[in-house]
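Please keep the sequence and the three-dimensional view at hand while reading.

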Amino acid sequence: MDKKAHIFHIQKEHKGKRLDRFLISATEDVSRTYLQKLIREGAVTINNKVSTQPSRTLRVGDEVCIAFPESQPLETAQPEDIPLDILYEDSHLLVLNKPAGVLVHPASSVNTGTLVNALLAHCDDLSGIGGIERPGIVHRLDKDTSGVLVVAKTDVVHRNLSLQFEKHTITRQYVAVVCSVPAEGTGTIDAQIARSRRDRRRMTTVHNNGRRAVTHYQVLEIYHNFSLVQLTLETGRLHQIRVHLQHIGHPVAGDPIYGGEQRAIKHADTLPVKHALIHLKRQALHARTLQFQHPATHERLIFSTPKPADMQRLIEALRSLTRELIT
């Protein structure tokens, strides 16, 4: 695969600086995480020798060369004429409302019907940083989570958005129906997350050797045995919201992996609530709001979408039950 090389010569002001930190300051719109990945993969040399340690300290006169991979040809996924709910689009990026039940990108057993297949049919070009299976994909939503998603059309935009995610300057807010009611109306869940050793499909909270994950929550409405919660992500780990809510004893209603499906059905007090849960067929989680700075125009953009019909049906059933109990 062809690579685009950048060469730097270390001056006095950079003496003793870490390799990854120097490269952050020397390159534009590239996140530290991505740079560290390239370093560990052998894409960086110092004085013509591969250096795989991001913490390597630099000396005056060192020649640092980093080879950025060129966009990979999109060969794996094929374009498919699948409708997209586009909220915004220009030559740099597009923002869409992903429906529940759709994978963002191809997986080992699924190569059709994904958001990527639809994007390839809609766009003439997408960023190639994500590789042949994830063109344009800067961040993801779980298959059965609906809501706002931004897609990059160029590598420069992709790197810029990735950097915004890493610096936590992008605002991501979700709403979820959860089992029972948190004791505190607002709170922060700060718990490391790692892959479960018992079930590789699941993530779990751990005390050590996990990735730091922080979720802020606010209770919006209280029902009988359930509540509507707003969640704001400070970090973006796999299954973060679902794992964190299970961790504090309030799994997302309908979540089949993290205990919310059986518990919700067990505590559904009326047929309308039970029917709404059965019709939901997924976790009641929706990425409602996404706010970020446009990489090209620098305008602050905000996009919000209403709760989808299946979640709204459940909420209305819960509201009706709560009103009945009050009266």
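## The chain as a whole

Among contacts in the chain between residues at least 6 apart in sequence, 67% join residues at least 24 apart, where contact means heavy atoms within 4.5 Å. The model is a predicted one, in which local features need pLDDT of at least 70 and side-chain atom pairs count only at pLDDT 80 or more, while totals for chains, interfaces and linings use all residues. Residues are numbered from 1 along each chain as its sequence is written, and side-chain values use heavy atoms, with hydrogens and water left out.

The chain holds eight helices and 15 strands, both taken as DSSP runs numbered from the N terminus, with helices being H or I over at least four residues and strands being E over at least two. Along its principal axes, the C-alpha trace of the chain spans about 80 × 45 × 40 Å. Of the 327 residues in the chain, 46% are buried; buried means under 20% relative accessible area, exposed means over 50%, and partly exposed lies in between, as computed with a 1.4 Å probe on protein chains only.

In helix α1, which covers residues 19–26, the buried residues are Leu19, Asp20, Phe22 and Leu23. Seen down the axis of α1, these buried residues fall within an arc of 160°, so they line one face of the helix; the arc is that of the directions from the helix axis to the C-beta atoms.

Helix α2 (residues 32–40) packs with α1 at an angle of about 125°, and the two axes are 10 Å apart. Here the axes are lines fitted to C-alpha atoms, for helices over the stretch in contact, and angles run from 0 to 180 degrees between N-to-C directions. That angle makes α1 oblique to α2, given that angles under 35 degrees count as roughly parallel, over 145 as roughly antiparallel, 65 to 115 as roughly perpendicular and the rest as oblique. In this pair, Leu19, Asp20, Arg21, Leu23 and Ile24 of α1 meet Arg32, Leu35, Gln36 and Ile39 of α2. Sorted by class, the contact of α1 with α2 has five nonpolar, one polar and three charged residues, where Ala, Val, Leu, Ile, Met, Phe, Trp, Tyr, Cys and Pro count as nonpolar, Asp, Glu, Lys and Arg as charged, and the others, Gly among them, as polar.

## The buried side of α2, and Gln36

The residues Tyr34, Leu35, Gln36, Leu38 and Ile39 are buried in α2, and the buried residues of this helix pack against α1, β2, β4 (63–69) and α4 (155–166). Just after α2 comes Gly42, which takes a positive phi of about 85°.

Gln36, a residue of helix α2, is buried, with a relative accessible area of 15%. Leaving aside neighbours within four places in sequence, Gln36 is in contact with Arg18, Asp20 and Pro54. Gly147 lies 111 residues from Gln36 along the chain, and the C-alpha atoms of the two are separated by 30 Å.

## Helix α5

Six of the eight residues of helix α5 (residues 240–247) are buried, so α5 is largely enclosed by the rest of the structure. The buried residues in α5 are Gln240, Ile241, Arg242, Val243, His244 and Leu245. After α5 comes Gly249, with a positive phi near 85°.

Most residues other than glycine have a negative phi. Asn48, although not a glycine, has a positive phi of about 70°; Asn48 sits in the loop between β2 (44–46) and β3 and counts as exposed at 67% relative accessibility. Asn209 also has a positive phi, near 65°, and is found in the loop between β11 (203–206) and β12 (214–222), where Asn209 is exposed with a relative accessible area of 80%.

Lys49 is found in strand β3 (residues 49–50) and, at 63% relative accessibility, counts as exposed. Lys49 and Cys65 are 16 residues apart in sequence, with 9.5 Å between their C-alpha atoms.

Gln312 has its place in helix α8 (residues 309–326) and is partly exposed, with a relative accessible area of 24%. Not counting residues up to four places away in sequence, Gln312 touches Lys307 and Arg319. Leu280 is 32 residues from Gln312 in sequence and 9.9 Å away in space, C-alpha to C-alpha.
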